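Me: I would like to go through this protein with you, one topic at a time. Could we begin with a single residue and then widen the view?

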Amino acid sequence: MLLLHTEKLKQIKMAGTRTFTMIKPEAVENGSTGAILDKMIKGGFRIISLKKTQLSPELAGKFYEVHKERPFYGELVDYMSSGPIVAAFLEKDNAVLDFRTLIGATDPSEAAEGTIRKEFAESKAKNAVHGSDSDENAEIEASFFFTEFERF
Ligand code: CMP
């Protein structure tokens, strides 16, 4: 009984401490990678994993599969495979929600002052950064880019 309780507490403590992000092609291309990573670090996020790479259209399509039925899916896949991105796996308490607060609304015209998208995004499509929408998706998305040996 005591062991069960301890295990439960451990799970609760561990829940929600990780999120996944990509710095998108336009932000990488215009040299904002360092400034954006700095905002993440100053926002209290610790970098577990970090990688610069380019998605193939197939991998971008798979990554954004949840949006397959949306009218912008084709545009999204083309764009996200158009140039290098920087992928990062991040750690902080309440990671998913706090990171979404730090990056701001999907549409930069609706993003709050001081958020990453307000400062660096061009449009809803070219919105500088991706942020996971759930703990489960954070793990799935991180697995696209990082093996267990690339997590520190
Ligand atoms: P992201 O957080 O990467 O997750 C899905 C992405 O779809 C989102 O950021 C936007 O860049 C993109 N997106 C959402 N709505 C639109 C839209 N109306 N037109 C183009 N892209 C969109």
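**Working through the model**

Reply: Asn-94 is partly exposed, with a relative accessible area of 43%. Please keep in mind that this is a predicted model.

Me: Where is Asn-94 found?
Reply: Asn-94 sits in the loop that runs between strand S3 (85–91) and helix H6 (95–103). Its phi is near 55 degrees, a positive value in a residue other than glycine.

Me: And Ala-128, buried or exposed?
Reply: Ala-128 is buried, and its relative accessible area is 0%. The residue belongs to the loop between helix H7 (116–120) and strand S4 (129–131). Although Ala-128 is not a glycine, its phi is positive, at about 70 degrees.

Me: Let us step back. How many helices and strands are there?
Reply: The protein has eight helices and four strands. Along the sequence they follow the pattern α-β-α-α-β-α-α-β-α-α-β-α.

Me: What is the radius of gyration, and what would a compact globule have?
Reply: The protein has a radius of gyration of 16 Å. For 152 residues a compact globule would have a value near 15 Å, so the two agree. Along the principal axes, the C-alpha atoms fill a box of roughly 55 × 35 × 30 Å.

Me: What share of the residues is buried?
Reply: Buried residues make up 42% of the 152 residues. The protein exposes about 8800 Å², and carbon and sulfur atoms supply 56% of that area.

Me: What about contacts along the chain?
Reply: Of the contacts with a separation of 6 or more, 76% are between residues 24 or more positions apart.

Me: How many positive and negative side chains are there?
Reply: There are 20 positive and 24 negative side chains. The centres of the two sets lie 3 Å apart.

Me: Back to the helices. Which residues of H6 are buried?
Reply: The buried residues of H6 are Ala-95, Val-96, Phe-99, Leu-102 and Ile-103. Around the axis they cover an arc of only 125 degrees, which puts them on the same side of H6.

Me: What is on the other side of H6?
Reply: Leu-97 and Thr-101 are there, and both are exposed.

Me: What covers the buried residues of H6?
Reply: The cover includes strand S1, helix H3 (33–42), S3, H7, S4 and H8.

Me: What follows H6?
Reply: Gly-104 follows H6, and its phi is positive, near 90 degrees.

Me: Now H5, please. Which of its residues are buried?
Reply: In helix H5 (residues 73–80), the buried residues are Tyr-73, Leu-76, Val-77, Tyr-79 and Met-80. Seen down the axis of H5, they fall within an arc of 165 degrees, so they line one face of the helix.

Me: What do the buried residues of H5 pack against?
Reply: They pack against strand S1 (18–23), helix H2 (25–29), helix H4 (57–63) and S3.

Me: What separates the C-alpha atoms of Gly-61 and Gly-74?
Reply: They are separated by 8.3 Å, and the two residues are 13 residues apart along the chain.

Terms used
Residues are numbered from 1 along each chain as its sequence is written. This is a predicted model: local features need pLDDT of at least 70, side-chain atom pairs count only at pLDDT 80 or more; totals for chains, interfaces and linings use all residues. Side-chain values use heavy atoms; hydrogens and water are left out. Helices (H or I, at least four residues) and strands (E, at least two) are DSSP runs, numbered from the N terminus. The radius of gyration is taken over C-alpha atoms; the globule rule is 2.2 Å times the number of residues to the power 0.38. Buried means under 20% relative accessible area, exposed over 50%, partly exposed in between (1.4 Å probe, protein chains only). Contact means heavy atoms within 4.5 Å. Accessible areas come from the Shrake-Rupley method with a 1.4 Å probe; for residues, only the protein chains shown count as cover. Lys and Arg count as positive and Asp and Glu as negative; His and the chain ends are not counted. The place of a charge is taken as NZ of Lys, CZ of Arg, CG of Asp or CD of Glu. The arc is that of the directions from the helix axis to the C-beta atoms.
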